[in-house]
Amino acid sequence: MEHARSEPLLPEPRGPLSRAVLNHLRGTGPLPDGEEVAAAPVYGDDLQLALYLCYELHYRGFAGVSPDLEWEPELLRTRAALERRFLTALRADASRHDTVDDALAGILVEPVDGTGVSHFLRDKGELWQLREYAAQRSLYHLKEADPHAWVLPRLRGRAKAAMAAVEFDEFGGGRADRVHARLFAELMTDLGLDTTYGRYLDAACAELLVTVNLMSLFGLHRSLRGALVGHFATVEITSSPGSRRLAEAMRRTGAGPAAEHFYDEHVEADAVHEQVVRHDVIGGLLEDEPHLAPDIAFGVDATVFTEDLLGDRLLADWQAGRSSLRTPPASEVHP
Amino acid sequence: MPNSPSDAARRVTVQRKGPLLLEGPVEVELEDGTVVSSDRFRVALCTCRRSRRYPWCDTSHRDRA
């Protein structure tokens, strides 16, 4: 029997960029040059995995990879080149609104006939699709609220106090058994998934990596603190109604009590978080640093854009009867 | 305890549209005498009466389009 690892295994490469970064992490081979970075599709598997690998060194690292590589100048230079492409593309593709109010107005309205992933799963999601959704999302939810904690030292006063309060809630309010990442692990157990951190990295599609890389990008750069706050507000504002639909999906399919509880908890918790983030985190930050307004709006727009990319991808696969995963989870449920 | 809020007045935040925001923890007595409690640091109390998790806000007050 193999002992449980504290650090995840390195994934398989998805192209030349991610292969070069993987080789570098293993101590062999050169990092990709600027031309290679410029040639890869920006939201594609290879570039997004290469960036994800760089970011993961700041969270839990990888088994057999020196933790010192987190601050290695060569790798940071590669990360910066990948980030420049990602951020430039997002600014061009995602920006829709000039003001925070306009950006938020769009997500504070509930569509009567929604067609998103949570609507699909509520109405006709099958258990295998709920399992795929959880396997994909586990790349974030098993480190839920971690990328947002990085913004705390960059905020002051009202914004800092409110952000810390919401994060405290995300981290279980001082109780390990209520940490949201732990509640998600229990959901995964109900669905017959492996709760090991990083277990589904190989399985996750490019669009899922995009959503997690977005948080890491915003979280790791003080210059993007406004975007991080806009991103966080978007997650909290859209979570409550979405979680209700997912809770209904879990109930309808008989996924299990922990699976229902994870989303039920988020219906109520995030209805509160939304209020606190809008009034005190955004309100406080705008009072303190009004020049960040366009960045906050960009954070909202970028989150909506990347979530739409993911949603479109999942629905396209499922409506065609295909798996959305690159490698199937060890599964007794999927046909 | 320097951070003890026990002597301070409880702040309630009202808004024209949206829930009443209270500092938690709170107990709410419903019309039928049932008492429900929430130990969140902030509690959002439904005022539109549309919540499916009444008395707690579940964002059902939002406009639909």
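Predicted model: local features only at pLDDT ≥ 70, side-chain atom pairs only at ≥ 80, totals over all residues.
Figure 1. Where the domains touch, domain 1 of chain A contributes 17 residues and domain 2 of chain A contributes 15 residues. On the side of domain 1 of chain A that touches domain 2, helix H3 (45-56) and helix H4 (73-94) of chain A are the elements that give two or more residues. This side of domain 1 of chain A consists of nine nonpolar, three polar and five charged residues.

**Figure 2. The open sheet of chain B.** Three strands of chain B form an open sheet in the order E1-E2-E5, and their pairing is antiparallel. Strand E1 (12-13) and strand E5 of chain B are at the edges and have a single partner strand each, so one side of each strand has no neighbour in the sheet. Strand E2 (residues 20-23) of chain B pairs with E5(B) over four bridges in the antiparallel sense. Within this pairing, Leu21(B) has Ala44(B) of E5(B) as its bridge partner. As a general principle, the strands of a sheet are joined through backbone hydrogen bonds, in a parallel or an antiparallel arrangement.

**Figure 3. The hairpin of E3 and E4 in chain B.** Strand E3 (residues 26-29) and strand E4 (residues 35-38) of chain B are antiparallel partners, paired over four bridges. Glu27(B) is located opposite Ser37(B), a residue of E4(B). Five residues lie between the strands of this hairpin of E3(B) and E4(B), and in the hairpin Gly33(B) adopts a positive phi near 90°.

**Figure 4. The contact between chain B and chain A.** Chain B places 17 residues in contact with 16 residues of chain A. Strand E5 (residues 42-45) of chain B supplies three residues, the largest share of the side of chain B that touches chain A. By class, the residues on this side of chain B are eight nonpolar, two polar and seven charged.

**Figure 5. A helix of chain A across strands of chain B.** Which helix of chain A lies across E2 and E5 of chain B? Helix H13 (residues 257-288) of chain A takes this position, and its direction is at about 105° to E5(B).

Conventions. Residues numbered from 1 in each chain as written. Chains lettered and ligands numbered in written order. Contact = placed C-beta atoms within 7 Å. Nonpolar A, V, L, I, M, F, W, Y, C, P; charged D, E, K, R; others polar. Pairing = 2+ DSSP bridges. Axes fitted to C-alpha atoms, helices over the stretch in contact; angles between N-to-C directions.
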